[in-house]
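Trainee: I would like to learn how to read a pocket and its lining. May we work through one example together?

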Amino acid sequence: MQRPRIALLNASQEPSTLRNFRRELDADLVEFAVREELPETFAFDAAVVTGSRASVYWDEPWIDALVEWVEEATDRELPLLGVCFGHQVLAEALGGTVEDMGEYEIGYREVEGDGLLFDDTVTAFTTHSDAVTELPPGAERTAENDYGVHGFRAGNAFGVQFHPEYDMETARTVTLGKELPDERIERVLDGITEANYAAACEAKSLFENFTDYVRGVDRPESRVA
């Protein structure tokens with residue numbers, strides 16, 4: 001397999017989301033705006049679920065449909081990568097628990113991992129007020145910091161809470177859009193520096209590691225139209 005064919009399930013309404021994932025994923029992307037449509041097939045080499053301003057526990061039809069699609073995809077052993085909201089969707093689909101943290105984590109922070117998709121400790125941009133508070137049955141925690149779970153694996157499904165795809169422009173735009181005290185917004189903006197971004201770029205290796213993993217998974221169904 002040269003370039004995997006990946007379904008990009010875009011749950012975001014941020015204009016930068018598609019740009020960021022197109023830049024980071026060395027794959028042929030088939031893009032779906034999941035608030036409007038979902039794939040009618042599972043004939044892909046993998047799927048990636050993006051972040052979103054939504055919460056997975058909201059009572060909205062498009063969220064329920066996305067969780068159901070992801071659940072069936074895992075049953076079919078389709079490799080999956082979930083980022084932030086996508087990470088929470090994976091947890092919900094597989095029987096985990098996602099809850100409001102009652103606080104906000106935002107900015108460049110260190111995340112400790114097991115080296116499965118990225119180095120043992122990485123700097124990454126975080127922005128979330130929901131978290132996976134209980135892993136799905138049989139899942140393995142793969143990353144964490146003092147705010148809680150930042151990554152897990154269950155079979156062919158991988159979730160990360162942070163945003164390895166963010167560039168500096170996206171980090172600034174997202175930060176300015178948050179309803180947080182001005183002083184905290186300014187602190188986060190002050191931390192969006194070339195040095196912190198360069199450190200965070202090490203976490204981008206997880207995209208290459210994921211596509212390498214996908215290339216090693218033999219799924220005849222991925223070749224069925």
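Mentor: Let us begin with the lining of the largest pocket, which has 10 nonpolar, 13 polar and 6 charged residues. Here Ala, Val, Leu, Ile, Met, Phe, Trp, Tyr, Cys and Pro count as nonpolar, Asp, Glu, Lys and Arg as charged, and the others, Gly among them, as polar. The model is predicted: local features need pLDDT of at least 70, side-chain atom pairs count only at pLDDT 80 or more, and totals for chains, interfaces and linings use all residues. Residues are numbered from 1 along each chain as its sequence is written, and side-chain values use heavy atoms, with hydrogens and water left out.

Trainee: Which residues lie nearest the centre of the largest pocket?

Mentor: A pocket is an open set of points on a 1 Å grid over the protein atoms alone, where a 1.4 Å probe fits, with protein on both sides within 12 Å along at least five of seven lines; lining residues have an atom within 4 Å of a point. Of the 29 lining residues, Ser 52, Arg 53, Tyr 104, Thr 127 and Lys 178 lie nearest the centre.

Trainee: How is phi read, and where does Glu 77 lie?

Mentor: Most residues other than glycine have a negative phi. Glu 77, not a glycine, has a positive phi of about 65°, and lies in the loop between α2 (61-75) and β4 (80-83).

Methods:
Helix = DSSP H or I, 4+ residues; strand = E, 2+ residues; numbered from the N terminus.
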